[in-house]
Amino acid sequence: AAQHRTLQICVRNDARVADDTLDEARRVVSGIYSQAGLTLLWCSDDCTVTIALRPRASDDTTRRAKDAMGYTPGGGEERGRLAFVLINRVNEIADGYSTARALVLGAAIAHELGHLLISTEHTNTGIMKAYLNQSDFRKARNGELHLTAEQARHIRNSSAP
């Protein structure tokens, strides 16, 4: 039977995002994952996974994905435990859509967390779309941006991480 899971998650705020923006982004992420049966415990250390907020991408990362809001390393001992969100891209997208930074940041964190928990694959709908748009951020604001039913089932039944 499916079970409710808990995940300890750290946000490493290298980009010095304002506390109120980060708090609201955490609420967005928690809402998305609670619908999938996962409770997120936001910790400062001893976490299962870490999301690092970087001010901007490195030159190497920029060459690989110019328009990505974040990325998840594909190898090494951090695989499945560490993802990065690029604050300059979050800000550009928020400004471009006249959307609250916290909503875009929350969606970016939720998306990268999905790569850690579910798959490197993108979907046609929901938080794991390759490119989120204004409609998706509106859904996030209204608590309507979700994982697919299959992704939620995978999270509930998975032992990783």
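Some ground rules. The model is predicted, so local features need pLDDT of at least 70 and side-chain atom pairs count only at pLDDT 80 or more, while totals for chains, interfaces and linings use all residues. Residues are numbered from 1 along each chain as its sequence is written, and side-chain values use heavy atoms, with hydrogens and water left out.

Overview. The chain has six helices and five strands. Helices (H or I, at least four residues) and strands (E, at least two) are DSSP runs, numbered from the N terminus. Along the sequence the pattern reads β-α-β-β-α-β-β-α-α-α-α. Of the 161 residues, 45% are buried; buried means under 20% relative accessible area, exposed over 50%, and partly exposed in between, with a 1.4 Å probe and protein chains only. Contact means heavy atoms within 4.5 Å. Among contacts between residues at least 6 apart in sequence, 71% join residues at least 24 apart.

Now the sheet. In what order do the five strands lie? The order is β2-β1-β3-β5-β4, in an open sheet with mixed pairing. Two strands pair if DSSP finds at least two bridges between them. The edge strands are β2 (38–43) and β4, each pairing on one side only.

Strand β3 (residues 49–54) has five of its six residues buried, so the rest of the structure largely encloses it. Strand β1 (residues 5–12) runs parallel to β3, and four bridges join them. R12 has A52 in β3 as its bridge partner. Between β3 and strand β5 (residues 82–86) there are five bridges, again in the parallel sense. I51 is partnered with A83 in β5, and T50 stands opposite L82 in β5.

Helix α1 (residues 19–34) lies across β1, β2 and β3, at about 155° to β2. Helix α4 lies across β1, β2, β3, β4 and β5, at about 155° to β5. Axes are lines fitted to C-alpha atoms, for helices over the stretch in contact, and angles run from 0 to 180 degrees between N-to-C directions.

α4 (residues 101–117) also packs on helix α5 (residues 134–141), at an angle of about 95° and with the axes 10 Å apart. α4 and α5 are therefore roughly perpendicular; angles under 35 degrees count as roughly parallel, over 145 as roughly antiparallel, 65 to 115 as roughly perpendicular and the rest as oblique. Which residues meet there? L103, V104 and A107 in α4 meet F137, A140 and R141 in α5.

Last, the aromatics. There are two aromatic pairs. Rings of Phe, Tyr and Trp (its six-membered ring) pair if their centres lie within 6.5 Å; planes under 30 degrees apart count as stacked, over 60 as edge-to-face and the rest as tilted. Y71 and F84 are stacked, 4.9 Å centre to centre with 20° between the planes. Y71 sits in strand β4 (residues 70–71) and F84 in strand β5, 13 residues apart. Both Y71 and F84 are buried.

Y97 and F137 have ring centres 5.9 Å apart and planes at 55°, so this pair is tilted. Y97 belongs to helix α3 (residues 87–97) and F137 to helix α5, 40 residues apart.
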